[in-house]
Amino acid sequence: MEVAEAAEPMPALATADATARVPAIAATAVAVAVMEAAVATERWDGLLQGATLATLDAANGYGQIENGALAWKDGVLAYVGARADLPGDADTLANELFECAGLVTPGLVDCHTHAVFAGNRAHEFEMRLQGATYEDIARAGGGILSTVRAVRGASEADLFDASAPRVAALLRDGVTTLEIKSGYGLDFDNERKMLRVARQLGKHFGIDVRTTYLAAHALPPEFSGDADGYIDAAIGWLPRLHAEGLVDAVDAFCEGIGFSPAQTRRMFNAARALGLPVKLHADQLSDLGGAALASGYGGLSADHIEHTSEAGVMAMRDAGTVAVLLPGAFHVLRETRLPPLDLLRAHAVPMAVASDCNPGTSPLLSLRHAMQLACTHFRLTPEEALRGATTHGARALGLQDRGVLRVGLRADFVHWRVRQPAELCYWLGGGLADGVYAGGVQRA
Ligand code: DI6
Ligand code: FE
């Protein structure tokens with residue numbers, strides 16, 4: 001591991017089977033068995049000790065604990081604190097012991113991705129480098145619609161196989177909760193296929209995948225010239241997909257090359273009628289008032305927001321809508337217009353950071369790398385970036401049971417082979433995660 005060699009050497013993760021060291025009790029065989037069963041139910045499933053913890057369980061700062069200990073049972077955190085304060089001898093406390101150096105953070109939450117797709121758009125990358133703009137390519141029938149053709153042409157199994165390596169890469173670099181949007185199917189069967197694949201990926205990798213219905217992503221050719229008719233159709237598909245348990249939230253691409261604010265409102269009204277939360281691709285390429293629109297629906301998040309005005313930021317603050325920053329798209333499109341970062345800070349709007357993993361504008365396979373880009377392009381502090389990819393990412397998905405290390409929350413955490421939290425935003429590439437745990441189970 002190149003990066004680890006460049007950094008301070010780390011002792012290897014050591015496991016010890018503590019079960020073997022339950023103190024023997026002189027009694028009949030039956031009594032011993034009963035006693036061991038009682039001890040076993042009280043024992044934690046796992047206890048990791050020796051690492052620095054960045055709990056983020058504080059309004060400011062990393063909530064750092066040196067020489068910490070973290071224990072879990074039944075998928076939930078059971079102890080978070082100093083090793084010295086453990087309530088007994090480690091050997092007797094848990095069934096599995098992990099001795100490790102390095103850093104432990106909450107599992108990363110990637111709250112905005114389009115990770116399910118087929119094909120790729122490397123040729124458009126080349127065209128843009130020759131001077132074509134993202135809008136030029138979209139208006140010429142490329143862009144999102146070229147991925148729609150690839151998704152429609154792929155079987156469910158093909159789509160799973162094409163998408164799985166991307167989810168594997170995100171997981172390997174620390175992601176334990178992943179949002180995945182539809183939006184490259186644009187008809188009932190293909191939107192359903194995408195959402196089904198997203199659910200299957202969550203099961204396959206043992207991480208929590210949250211699905212978002214993004215039929216209002218682009219106008220499919222069969223509805224050319226009739227965006228309102230398409231929105232009617234997409235609104236019609238939603239209850240059926242929701243009834244199949246395939247939809248956790250609803251999103252739209254509210255943009256000159258996407259859908260109008262009025263069309264977005266119609267889609268959001270349909271979401272509201274089903275009790276589904278909304279989020280929005282807002283004000284990425286122009287200010288259509290998207291951030292305020294999403295806030296008006298109590299939106300979980302407004303995403304991109306490079307062109308959002310102060311009024312939009314204030315609407316987000318009032319509604320508790322999270323600002324999702326997507327520096328991968330900013331980077332790849334070589335944008336220059338920054339999101340209104342000072343206003344977001346001044347109005348205390350929580351900022352999340354996500355990968356936006358998609359084939360057009362952000363072919364980014366690491367949320368940690370998105371954190372790095374958020375620091376270099378948007379000047380987030382490494383602490384803001386880490387909070388954005390954990391606590392605030394969870395909030396952008398409406399999830400309150402994760403995003404910090406705290407007793408009672410999900411045992412989603414990452415053991416990194418670096419010591420300082422800022423290193424997560426400092427190293428470019430390299431793969432720094434030693435262990436990625438979702439619900440107390442090691443998944444990478
Ligand atoms: N997210 C999106 O949905 C669009 N831009 C973005 O950042 C386009 C995705 C694509 O080009 O496929
Ligand atoms: Fe996106």
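**Cavities, pocket and ligand**

The largest cavity has a volume of about 120 Å³, where a volume is the space filled by probe spheres set on grid points joined across faces, edges and corners. The model is predicted, with local features needing pLDDT of at least 70 and side-chain atom pairs pLDDT 80 or more, while totals for chains, interfaces and linings use all residues. Residues are numbered from 1 along each chain as its sequence is written, chains are lettered from A and ligands numbered from 1 in the order written, and side-chain values use heavy atoms, without hydrogens or water.

**Largest cavity**

- A cavity is a set of points, on a 1 Å grid over the protein atoms alone, where a 1.4 Å probe fits but cannot get out; lining residues have an atom within 4 Å of a point.
- By this rule there are two cavities of 30 Å³ or more.
- Ligand 1 takes up the space of the largest cavity; the criterion is that more than half of a molecule's atoms lie within 2 Å of the grid points.
- The lining of the largest cavity consists of 14 residues, and His114, Tyr134, His217, Asn358 and Thr361 lie nearest its centre.
- This lining has four nonpolar, eight polar and two charged residues; Ala, Val, Leu, Ile, Met, Phe, Trp, Tyr, Cys and Pro count as nonpolar, Asp, Glu, Lys and Arg as charged, and the others, Gly among them, as polar.

**Ligand 1**

- Around ligand 1 there are 14 residues, with Tyr134, Tyr184, His217, His304 and Asp356 coming nearest; a residue counts if one of its heavy atoms lies within 4 Å.
- The shell around ligand 1 is made up of four nonpolar, eight polar and two charged residues.
- Polar contacts are pairs of N or O atoms within 3.5 Å.
- The side chain of Tyr184 has an N or O atom 2.6 Å from an oxygen atom of ligand 1.
- For His304, the distance from a side-chain N or O atom to an oxygen atom of ligand 1 is 2.7 Å.
- A nitrogen atom of ligand 1 lies 3.1 Å from a polar side-chain atom of His281.
- Of the 320 Å² of accessible area that ligand 1 has on its own, the protein covers 100%, by the Shrake-Rupley method with a 1.4 Å probe.

**Largest pocket**

- A pocket is an open set of points with protein on both sides within 12 Å along at least five of seven lines.
- The largest pocket holds about 340 Å³ of space.
- Its lining comprises 18 residues, and Ala138, Leu145, Ala218, Leu219 and Ile257 lie nearest the centre.
- Twelve of the lining residues are nonpolar, five polar and one charged.
- Helices H5 (134–139) and H6 (144–152) each supply at least two lining residues; helices are DSSP runs of H or I with at least four residues, numbered from the N terminus.
- H5 gives the largest share of this lining, three residues.

Notes. Polar contact = N/O pair within 3.5 Å; in protein donor to acceptor, adjacent residues only side chain to side chain.
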